[in-house]
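Please have a look at the sequence and the fold before reading on.

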Amino acid sequence: MVSTAESYHTPVMLNESVDGLNIKPGGIYVDATFGGGGHSKEILARLNGNGRLFGFDQDADTEANIPKLENESAEEFTFVCSNFRYLKNWMMYYGIEHIDGLLADLGVSSHHFDDKTRGFSFRFNDAPLDMRMNNRAGRTAADVLNTYDEEALADMFYVYGELRNAKRIAAAIVSSRTRRSIRTSGDLKDLVEQFFKTERAKKDMARLFQALRIEVNNEMQALCELLRASVELLAPGGRLSVITYHSLEDRMVKNIMKTGNIEGKVKQDLYGRIESPLRLVNNKVIVPTDSEQNENPRSRSAKLRIAEKKAK
């Protein structure tokens, strides 16, 4: 199912995240998570004929949302149908040595949650457990559930879903699949509902599905590679504007912005000053306004962090 750009995804903190790039009209920018194209359109509106924007997305459905540009500005936008983890490779391919800014909205598009054929949401009982952002290749969530051993499943649910009863859930899955494969969201829900308390059932189910999605798409490693490449590619004064939705990815973004590395290892000079290639633009994390959260409930967990590349 292909949605229109308007229904595909509502851009979160649109003005705040694009303002954070401090756009130069003739600069070179990257929208690492093109999706519905909302952030890209706003960036393009702030460029002149000499500027350039690269939009990345591995989901082929997003190609329908490529903005319809005027002839004179058509060369400003380049769509790259690829995982953003390959940012550095693609910039080399296009002959780009430095960029003036990169924006990433790491949230899953509304399109993915609302299209039951993709299997991202537990709202649909008969949805196939797919969860691939790139549904043309790779293992599915069903593959993970039916082939991972008990320890690997438990680790996945504990680390990526932060579920305390991860071991019990993993044991139940391994036991159940010997009798019948787990193929739909309904199969998985029926199996794990017994482990979730009533008052937390929806949150815990969401965490379980989140853990599966992260594993299927190798999201943490992809984000790690994107952030490292971004720091390397940013020109002095260039900006990194990133919107996160859960603690795992937010910790990675915060670490690299504060210390220059994913692990958050602090390096200090002789005067005790932290040595980092970036400086924080917003010391306090930015969150959606109350009105935006009311209009778009899926924005409620969003956090925006912005950093700027220091001059050498």
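Which residues form a positive surface patch? They are Arg164, Lys197, Lys203 and Arg207. Keep in mind as you read that this is a predicted model.

## Charged patches

Lysine 203 sits in helix H10, which covers residues 201–217. Its relative accessible area is 59%, so lysine 203 counts as exposed, the cut-off for that class being over 50%.

There is a negative surface patch to look at too, made up of Asp149, Glu150, Glu151 and Asp155. Glutamate 150 belongs to helix H7, residues 150–161. With a relative accessible area of 39%, glutamate 150 is partly exposed.

## Helix H11

Now to helix H11, which runs over residues 219–233 and has 15 residues. From its first C-alpha to its last, H11 reaches 21 Å, close to the 21 Å expected at 1.5 Å a residue.

How much of H11 is buried? The helix is mostly covered, with 11 of its 15 residues buried. Among them are Met220, Leu223, Leu226, Leu227, Val231 and Leu233, together with the charged Glu219.

## Salt bridges

Side chains of opposite charge can pair when their charged atoms come close. Searching the whole structure turns up 14 salt bridges. Glutamate 232 is partly exposed at 46% relative accessibility, and lysine 88 is partly exposed at 34%.

Arginine 180 and aspartate 187 also meet through their side chains, in a salt bridge of 3.5 Å from N to O. Here arginine 180 is exposed, at 58% relative accessibility. A salt bridge of 3.5 Å (N to O) likewise joins the side chains of arginine 279 and glutamate 308. Because arginine 279 lies in strand E6 (residues 278–280) and glutamate 308 in strand E7 (residues 303–309), the pair ties together parts that are 29 residues apart in sequence. Arginine 279 is partly exposed, with a relative accessible area of 36%, whereas glutamate 308 is buried at 15% relative accessibility.

Terms used:
Residues are numbered from 1 along each chain as its sequence is written. This is a predicted model: local features need pLDDT of at least 70, side-chain atom pairs count only at pLDDT 80 or more; totals for chains, interfaces and linings use all residues. Side-chain values use heavy atoms; hydrogens and water are left out. Patches are made of residues with over 30% relative accessible area and no salt bridge: like charges are joined within 9 Å, nonpolar side chains (Val, Leu, Ile, Met, Phe, Trp, Tyr) within 5 Å. Accessible areas come from the Shrake-Rupley method with a 1.4 Å probe; for residues, only the protein chains shown count as cover. A salt bridge is a side-chain nitrogen of Lys or Arg within 4 Å of a carboxyl oxygen of Asp or Glu. The place of a charge is taken as NZ of Lys, CZ of Arg, CG of Asp or CD of Glu. Helices (H or I, at least four residues) and strands (E, at least two) are DSSP runs, numbered from the N terminus. Buried means under 20% relative accessible area, exposed over 50%, partly exposed in between (1.4 Å probe, protein chains only). The expected span of a helix is 1.5 Å times one less than its number of residues.
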